[in-house]
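Reader: Please show me how to read the features of a structure, one at a time.

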Amino acid sequence: MTWMEQLKQQQPILWENPHVEQVPQTFLLDDHLIDEAEARLERFAPYFEVAFPETKPTKGIIESPITVLTDQTLLKRDDILPVSGSIKARGGIHEVLLLAEQIARAEQLLTDEDYRQFATIRIQEALARHTIIVGSTGNLGLSIGIMSKKLGFQVVVHMSHDAKQWKKDMLRAHGAEVVEHAGDYSVAVRIGRLQAEAEPLHHFIDDENSQALFAGYAVAARRLKQQLTTAPTVQNPLIVYVPCGVGGGPGGVIYGLKQQFGATVKCYMVEPTASPCMLLGMATGKHDQISVQDIGLTNETIADGLAVGRASQFVGRLMEPLLDGILTVTDDMLRNYVRTVWEREQIFLEPSATAGFAGLDMLRERYPTAQHLVWATGGGLVPTAEKCQYFA
Ligand SMILES: *Cc1c(COP(=O)(O)O)cnc(C)c1O
């Protein structure tokens, strides 16, 4: 059977990227963007210590630890990233900070380089004239909503029909306006984009097309180097598995990893069998010009964070020389991972966040001497009542 037939039948598969460079050398993004993202997150660190005291232990840097599961298996804990409990605390927050900084500079709100001023009513009042708009299946909205409100912005989150009720409730409790749509992620993004058009004080955060988001995610990879106790080598490589929705989160992380670790890292994305938009886009070369609905798939999955039918406009192209492959995973597999991770580790991950384990299961034997890193991407804010349904 061809990969296309397997995709249509929603079988879990591994697609290997024929264009991957064994020694990665084609990096198509301007490096400056990632340098700037890293520097910006550092400039804001003193502000974070004030605004989000939970970031004090890391001196205002939003970073997550690694949990060692076994000798060769590591879990990257973006589920417990401060502020929003998911990988979106990297990209989403970075873009909000970028906007806040641009506005503060343009309106001459900063009297000196002390970014703790962003916690003052003077700056918050000025930012309150601006509205940040975003389309989301849930976690990006949460991250942008919480961050934007804290800085004083108005914020409107357009949510797809699959967004979980508790995510909408939490956002409203933070003071965000939540607009619910009957359509999927692409619809929510499109309507958000339209709302922002022609309004100078409206700023649309474009998850399908944003380099600022991508750069924010990529910073994670630079910091990972210090977290590994054993540096990977060509003989004993690092194999990384990252869940993929529209592609910005995993794409940014993987882009940064290939820059940091070169030929000593191999990177795989994992998508739901109902929403394999990145696999479809890369394998056909059509990228954002094809959707999973075009091949008869529903884009209906319990992995709300990954329920994206059409890939990012640019991430697949950046990934072409860098990504080793993409796997797909069924909802039943995800439910099982949620349960087993809890039973073995007492770590609660939301279904989307466990997808990386499918990569581990499939590729562990191919790379017997490797370190395997499963990127857990969310779950930290899930209310207890919500968790219980996975254990019924
Ligand atoms: C958003 C999300 C991802 C994937 O990120 P994309 O940028 O959409 O590819 C993975 N896991 C979780 C939990 C998410 O919320």
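Reader: Does D78 count as buried or exposed?

Author: Residues are sorted by relative accessible area: buried means under 20%, exposed over 50%, and partly exposed in between, using a 1.4 Å probe and protein chains only. D78 has 0% relative accessibility, so D78 counts as buried. The model is predicted: local features need pLDDT of at least 70, side-chain atom pairs count only at pLDDT 80 or more, and totals for chains, interfaces and linings use all residues. Residues are numbered from 1 along each chain as its sequence is written, and side-chain values use heavy atoms, leaving out hydrogens and water.

Reader: Which side chain meets that of D78 in a salt bridge?

Author: A salt bridge is a side-chain nitrogen of Lys or Arg within 4 Å of a carboxyl oxygen of Asp or Glu. For D78 the partner is R90, at 2.6 Å from N to O. Helices (H or I, at least four residues) and strands (E, at least two) are DSSP runs, numbered from the N terminus. R90 lies in helix α4 (residues 88-106) and D78 in the loop between β3 (73-77) and α4, so the pair ties together parts that are 12 residues apart in sequence. R90 is also buried, with a relative accessible area of 5%.

Reader: Which residues are linked with D78 and R90 in a network of salt bridges?

Author: The network also takes in E63, K76 and R223. R223 and E63 form a salt bridge of 2.8 Å, N to O. This pair links distant parts of the chain, 160 residues apart: R223 is in helix α9 (residues 211-227), and E63 is in the loop between α3 (45-51) and β2 (66-70). R223 is buried at 14% relative accessibility, and E63 is buried at 13%.

Reader: How many salt bridges are there by this rule?

Author: The count comes to 24. One of them joins the side chains of R116 and D114, at 3.0 Å from N to O. Here R116 is partly exposed, with a relative accessible area of 44%, and D114 is partly exposed at 27%.

Reader: What is the nearest side chain of opposite charge to D162?

Author: For charge, Lys and Arg count as positive and Asp and Glu as negative, while His and the chain ends are not counted. D162 is buried yet has no salt bridge, and the nearest side chain of opposite charge is K164, 7.9 Å away. D162 sits in the loop between β5 (154-159) and α7 (165-173). K164 is found in the loop between β5 and α7, and K164 is buried at 19% relative accessibility.

Reader: Which side chain does D162 join in a polar contact?

Author: A polar contact is a pair of N or O atoms within 3.5 Å; within protein, one must be able to donate a hydrogen and the other to accept it, and residues adjacent in sequence count only if both atoms are side-chain atoms. D162 has such a contact with the side chain of S160, at 2.4 Å. Contact in general means heavy atoms within 4.5 Å. Not counting residues up to four places away in sequence, D162 touches T137, D304 and A307. With its neighbours within four places left aside, K164 is in contact with I302, D304, E386 and Y390.

Reader: Which residues of α7 are buried?

Author: An α-helix has 3.6 residues a turn, so residues three or four places apart point the same way. In α7 the buried residues are W166, K167, K168 and L171. The buried residues of α7 pack against α6 (139-151), β5, β6 (177-180) and α15 (384-388). L171 is buried at 0% relative accessible area. Beyond four places in sequence, L171 touches several residues, including L142, V157 and V178.

Reader: Which residues come nearest to the ligand?

Author: A residue is near a molecule or strand if one of its heavy atoms lies within 4 Å of it. Of the 15 residues around the ligand, K88, N139, G247, G249 and T377 come nearest. An oxygen atom of the ligand is 2.7 Å from a polar backbone atom of G249. A nitrogen atom of the ligand is 2.7 Å from an N or O atom in the side chain of T377. The protein covers 98% of the 380 Å² of accessible area that the ligand has on its own. Accessible areas come from the Shrake-Rupley method with a 1.4 Å probe, and for residues only the protein chains shown count as cover.
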